[in-house]
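Welcome, and get your viewer ready. We will go from stop to stop, selecting a few residues each time and looking at what is there.

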Amino acid sequence: MWIQPKELLLPSAFWIAEMQSRYFVLQKRRGHGESRGFGSMLVGTYDSVWNTKPAPYRILHETPSSEVSYEIAIGITQDEIIKDWEWLKANLFKVLDEMENEDEVTNFTICKIQSLYTQNNQDDTGESADFKVMKSQFTKIFKMPEEERLVNSYSATYVKNKIPRQGQLYISLNHVCFYSYMLGQEIKRIIRFSELEDISRNANIIYLKTTNNMTYNFTLFSNASEAHLLIEQLNKMAIQQLIQDPESPVVDHNPSNILRLGGKASKKPVLLRDLTARQKSEEFRIYFRLPQTEIIDGRIKANIWTPYSKRFNAGYIYLSPNFFCFRSDVKDLVSVVIPMKTIKSVEKKDDGHQRFDNQIVIITSENVPFMFAQIVDRDVLISKITDLLARIHVPVSRERAKYDISWSKQTALMNTFKTQFSAEIVQKQEEKMKRWESHFRDFGRGIGMFRTTDVINLIVEGIPDKLRQEIWLIFSGAIHDKEMNPGLYEDLVEKAACIKHCFAHDEIDRDLPRSLPEHPAFQSTDGIGALRRVLQAYALRNPQVGYCQAMNIVSSVFLLFCDEENAFWMLASLCESLLPDYYKDKVVGAQIDQGVLNELVETHLPDLHGHLEKLGVIKMISISWFLTIFMSVISYESSLHILDCFFYEGAKIIFMISLKIIEWNRDKLLRCQDDGEAMLVLQHYLEGIYNPEYQVPPSTDKRKMERHQTQTVQTLIHEAYTKFGEQITQQRIEELRNKHRRLTMRQFDIDNEKTIVKAYIQNPYFDRNELHQLLTIIREEKHSLKSLQQQQQKAQCPLSEIPQLVQQSPNKGPNDLGASGSRQEAYSVNFEVFHTLFTELTPWKKCVSVDIGEKLFRLTDKRGTGSVDFGQLINALGLVCSAKSMEKLKLLFVLHLPPLLSKAEIERSRRPRPRTKDDAEEAFEAEDFFDNDASESMEALPSPSDHNFDADDFALISATQHLHNLAGISGNTFMDLSRTTPNLSLNSNTSSLAQRASTFYVDLPTAAPPDLGAARLTPPGASGAGVDELKNSEMLLNVETISNFSQISDLVAATRLERADSNATDSRSLGSLGYLLDQPDEGASNSQHSIPHMRKENFLLLWRSIVEIMGLIQDEEMQRAYENLLELGNSNIKKEPSLESFTQLNLGGSGDEQPDNNGNPTTPAAEPRSTTRLFVDLEEELRLASGKPRTTPNSGDSSSSSTNTSESWHISITQFIATVLTVNSIVRGFQTPIQISEQIEQLQKKRRKCLSTNY
């Protein structure tokens, strides 16, 4: 790629000239490529220590008489740099040779290269050439997909075995990686952000700890603070992504953030600037309570005129697409939020004695002026505001579909169900109202009011009932969401009303009677109806949350003071901004804040923390306190006061109140001996908190009438602000949330693992520790696989902006946390993960001729779903790793039987081919059974353990496919025909088959028709007179009339009925082979009879697999056993008719033939010779149609004889086991157990070190 010409003064010995001309030289960096001599090691070490890492190729411009050269192009690959060299050769070589002055040559070359650089970077991402080289090296070193975006890299030192290693710390969106090269030794470390458990920094040292207890210390000599904040931010994004969608763990980024930054040029990588803007935007939204879509566009230093104090206050102006905001430098002194849509004019103010102060005046639609002065760059600010105003979009209520339901919005319920207060209370309400009106006159009213410490004091004193709706909407930010989505609430209500069966609706209806039942408003249909509509509408708006208990309690309080639509937007603001993740599955947000409270108690009440931790009290109290904002534990009239403060302060007030309650009960709690006693102490105190300024008439409930009084809520709030207001900040809360978000998600995994281990602790293979390790590696491998798949498939699936309600089954609701199936499902594995674990953890990974892992997965996947649960995985891997030699030999025998081992695989194994780097991919694809989409292929697989899949099915499919090849019909055509042919449709007797759409599963009728000949000649749907007509007419059999596949089905169906009455001792299917995995200790006497015999081709591969498992060592004893088995197979040969032709499959013969050794009759006696003639004619006509010569009766006799002998050769599992157990080396090898814990540790080490696998 062309770069800005860079001047080089001295020639470097680190470069080798590859091509040279009069004015240009193409160089390659020493150490790049295959050579690894001493010089290349020194260069690699130098690059690693001094963080040079240049591109491996470059082109220099130099002149003979000058010592100065210019770097004009770099290349990551040789092809890339050769392309630039060829361009120079074609366009500049001759032109420069004609010039006489070397200065003219240099000037012309530099101008030309600068022009090329500008032209080629017009539509680029804005990244520098050095960063592109760094990104390429990151992708190559750590084998990352191209979709994994690199954020930045830092020079760092990593200490390994007390030896410091200087290298490079790479930080991408989903990983933090380290690479060092020192004198030929490479060190690679890869850490996913989602697996970090602890992140801390001490001076220039960044400390990382992962969930598997690995620790890393990286020392950065510069930018340590930036790197630490970046790791914290990306870890937060990764954990939040796991909470939002565990199935899509990859963090993505939205490039639209970058576009809004504009203006300033920076040398920092674009993605780093984007993430910095994201962090600032989040802080901006939290402070000013703005919608989640707002992205900060920039800030500028300025002073604001405050008319109430008659002076200017210094601070910063913040701009976003929809808001103009100001925040003072002095904390909480003054702040302003002005919606862009309300700005009527922006003018310069250059008159008066302050005309040199760069003043502007903003006038809103309500004719309220805002004056700003001392603006650093006034013209840029005005231009930016003008540009944002030109792009402002004011949403309007749109036409929406009409639904056949009748309803009307409910006004604030306090207006309908009025509370009769005493005269003293009414007077206090009026006094508060006067103070608020006076405040509005001085500081303004509505969104654009001056927000100062005065408003904080008024809120702490209490908000009058008449103003609660207005104040709550403004300071919660709900008013912005409402104005940006006009008409949305009505639309959601009517759509939700049309949903008849929904689990969330059932939960809502169940909790409605428990929503503030003491208030008369919720003993009426008006209150209950409004509450139902609000909760159902929000469940439709946010399906990820749906409905959670406690949402009904807070919503009922909102409805008392707000109208129905405002209450809905208050609930949305609460769930999505003020208390994020609180009301999701497992109330994860509340559990995170539970950890935050625990640490705050440890910090501010250290003498009490140890005792409470021992009793476990904090875990018991915090959930109920947080979810309902104390409404469920403190009286309704007192909790209103806390709610007023909550909408201004956010979650900070919850922590302050909690700490103060615990502190006030310090002595009593220290005397408690158990958690129950401590809970009673706190409950007694909370029930006594009262509000003397808002007392409702006494209740008729004797318990409430006798309620004691412990403390006023005003005193509680005032003391909480006094003691903890300055110490607990929003920044401190966010830092603790980031920390405990990691710990909480880790605790979820630990709890799930404990539950699953408890369920499988009685398994015969693994102990408790090994089960924990197995669950850990499954989680890590699934996470890595999902990350890779998501990165490869992202970008083409835009999400709809219209919310959709997920209609959950009543049996699988989000609140069914006790369902063990949901926990175990998190640890079920698909084929890719199973294959990885099998290859890395078991001794059978040495087998390369046959993909044993794929066969074992198919045998284990009994339902054919493409995944196996944890219990099945234990049985499969446990048996292979155990010391049960006989059971392992049985299993290996079964895995080499058809249909697990197909003829195509056998033929392919016979063809020698060189081993290449693509071997692993070919083995992984298992091309005989899988297509490119593994998930779809798995669903279509015939499960060998399915009792409905037997030898008849396999033989029928093989014969039918043979027929297709002759006719030129593809497999898809056959599938289409089978879907439209009644006799090939799936019926109720094959329910397990009905879930698949594979040609391996063709439904065969379960009852034979009275007249087999008529049935075979009757096309689908023919009956009555049609049958008689067909009996009297000749059936024309040609390629165009092959639609009656029912003839084949009916034929084999009749054969099945006769076989059911036979005395065959061997099973016709592989359906019972799963006993090896489910009941490995079952005796052989009852199980071996269910396993079919093995043909010679399969046996040869079986023996090859044994030799490979034994390390490719075959002693004399093994050779003798092999020869003995061959002899046994020869002694089992019986002369039987060849099945080379489709016409010889289950066709008529003499009635006195006996079943073969597999229990399969060679020919059913009931078949008339007309049937044989029918298929002979059919096959012959197909041969002629395909241009093949007509067969003669004697053709192929010799080949038939040899094929007959090969296919008649077989051995039983009894013969195989008895012979192999005489070989001491095999017995010792199969009796040697594998310590799976050691294998898991090695696999984890390979993943951390980015070592490639062998499969």
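Which residues does phenylalanine 558 touch, not counting residues up to four places away in sequence? Select phenylalanine 558 and you will find Trp472, Ala567, Met570, Leu571, Leu574, Leu643 and Phe647. Touching, or contact, here means heavy atoms within 4.5 Å.

Before moving on, a word about what you are looking at. This is a predicted model, in which local features need pLDDT of at least 70 and side-chain atom pairs count only at pLDDT 80 or more, while totals for chains, interfaces and linings use all residues. Residues are numbered from 1 along each chain as its sequence is written, and side-chain values use heavy atoms, with hydrogens and water left out.

**Stop 1: the cores**

Now select Trp472, Met551, Phe558, Tyr583 and Phe646, which touch the most other members of the largest nonpolar core, a set of 130 residues. A nonpolar core is a set of buried Ala, Val, Leu, Ile, Met, Phe, Trp, Tyr and Cys residues joined through side-chain atoms within 4.5 Å. Buried means under 20% relative accessible area, exposed over 50%, and partly exposed in between, using a 1.4 Å probe and protein chains only. Apart from this core lies another, of 71 residues, including Leu771, Leu775, Val880 and Leu895.

**Stop 2: two helix pairs**

Helices (H or I, at least four residues) and strands (E, at least two) are DSSP runs, numbered from the N terminus. Select helix 13 (residues 468–476) and helix 18 (residues 551–561): they pack at an angle of about 125°, with axes 8 Å apart. Axes are lines fitted to C-alpha atoms, for helices over the stretch in contact, and angles run from 0 to 180 degrees between N-to-C directions. Helix 13 and helix 18 are therefore oblique to each other. Angles under 35 degrees count as roughly parallel, over 145 as roughly antiparallel, 65 to 115 as roughly perpendicular and the rest as oblique. Arg468, Gln469 and Trp472 of helix 13 meet Val557, Phe558 and Phe561 of helix 18.

Next, select helix 33 (residues 852–860) and helix 35 (residues 885–895), whose axes come within 10 Å and cross at roughly 95°. That makes helix 33 roughly perpendicular to helix 35. Ile852, Lys855, Leu856 and Leu859 in helix 33 meet Leu891, Leu892, Val894 and Leu895 in helix 35.

**Stop 3: a buried asparagine**

Is asparagine 566 buried or exposed? At 4% relative accessibility, asparagine 566 counts as buried. You will find asparagine 566 in helix 19 (residues 564–578), where it touches Gln469, Leu473 and Lys482, not counting residues up to four places away in sequence.

**Stop 4**

Seven strands form an open sheet with antiparallel pairing, in the order 9-8-7-6-12-11-10. Two strands pair if DSSP finds at least two bridges between them. At the edges, strand 9 (185–192) and strand 10 (196–202) each pair on one side only. Six of the eight residues of strand 9 are buried, so strand 9 is largely enclosed by the rest of the structure. Eight bridges join strand 8 to strand 9, and tyrosine 181 has glutamate 186 in strand 9 as its bridge partner.

**Stop 5: a covered strand**

Finally, select strand 5 (residues 69–75), where seven of its seven residues are buried. Strand 4 (residues 57–62) runs antiparallel to strand 5, joined by six bridges, and the two form a hairpin with six residues between them. Strand 1 (residues 2–8) also runs antiparallel to strand 5, through four bridges.
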